[in-house]
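Dear colleague,

Please find the structure below, and keep it open while you read the notes that follow it.

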Amino acid sequence: MCPLCSVAVETIDHLFVGCRELLEIWSRIPIWWDVRLPDRFAIDDIMRWVDSTSLKIGQRKAFDAVIISAFWCLWNFRNNFVFGPTIPRKSDLFDAIVERTFFWISNRSSKSRIGWTSWLHNPVLASILM
Ligand SMILES: [Zn+2]
């Protein structure tokens, strides 16, 4: 059973896009990025989410990084929940995605520097020059 909700079998699909305990993440990202949530909601749809947006190339790279970071943070959250010394807080999960993506982009992009404040408030504008 899923260790987070205890009402469904823990599958990859359930963990990443089906668990009611973690679904909030997938509603906060489109608000933060001002993009529409995919019509269908499976892992493949999330992985191709950027294709349904009108983002430009640099923005698409940054948005892809957000999606990958979200999967990474969800997996880490699950593992910390099961194996960690303390129960992680769901309220920290979205912030972890924002921070991790900023860290990855800031350290991997050789073309531009993204400011933390602009990344927080308008990631679409902040990543336009990537
Ligand atoms: Zn669950």
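A crossing of two helices is called left-handed if the near helix is turned anticlockwise from the far one by less than a right angle, and right-handed if clockwise. Helices here are DSSP runs (H or I, at least four residues), numbered from the N terminus.

This is a predicted model, in which local features need pLDDT of at least 70 and side-chain atom pairs count only at pLDDT 80 or more, while totals for chains, interfaces and linings use all residues. Residues are numbered from 1 along each chain as its sequence is written, and side-chain values use heavy atoms, with hydrogens and water left out.

Let us begin with the helices. Helix α2 (residues 24-33) packs against helix α4 (residues 57-83) at an angle of about 160°, their axes lying 12 Å apart, where axes are lines fitted to C-alpha atoms over the stretch in contact and angles run from 0 to 180 degrees between N-to-C directions. That makes α2 roughly antiparallel to α4, since angles under 35 degrees count as roughly parallel, over 145 as roughly antiparallel, 65 to 115 as roughly perpendicular and the rest as oblique. The crossing in which α2 passes α4 is right-handed. In contact (heavy atoms within 4.5 Å) are residues of α2 including Trp26 and Trp33, and residues of α4 including Phe63 and Phe71. The residues of this contact of α2 with α4 divide into twelve nonpolar, one polar and no charged; Ala, Val, Leu, Ile, Met, Phe, Trp, Tyr, Cys and Pro count as nonpolar, Asp, Glu, Lys and Arg as charged, and the others, Gly among them, as polar.

Helix α5 (residues 93-108) packs against α2 at an angle of about 50°, with the axes 10 Å apart, and the two are therefore oblique to each other. On the α2 side the contact is made by Ile25, Arg28, Ile29 and Trp32, and on the α5 side by Leu93, Phe94, Ile97 and Val98.

The axes of α4 and α5 come within 8 Å and cross at roughly 130°, which makes α4 oblique to α5, and their crossing is right-handed.

Finally, which residues hold the zinc donors? They are Cys2 (SG), Cys5 (SG), His14 (NE2) and Cys19 (SG), lying 2.1 to 2.3 Å from the zinc ion, where donors are N, O and S atoms within 2.8 Å of the metal (3.2 Å for Na, K and Ca). The four donor atoms subtend angles of 103 to 118°, so the arrangement is tetrahedral, a term used for four donors if all angles lie between 85 and 135 degrees.

Best wishes

How values were computed
Four donors count as tetrahedral if all angles lie between 85 and 135 degrees; four count as square planar and six as octahedral if opposite donors are over 155 degrees apart and all others between 65 and 115; anything else is irregular.
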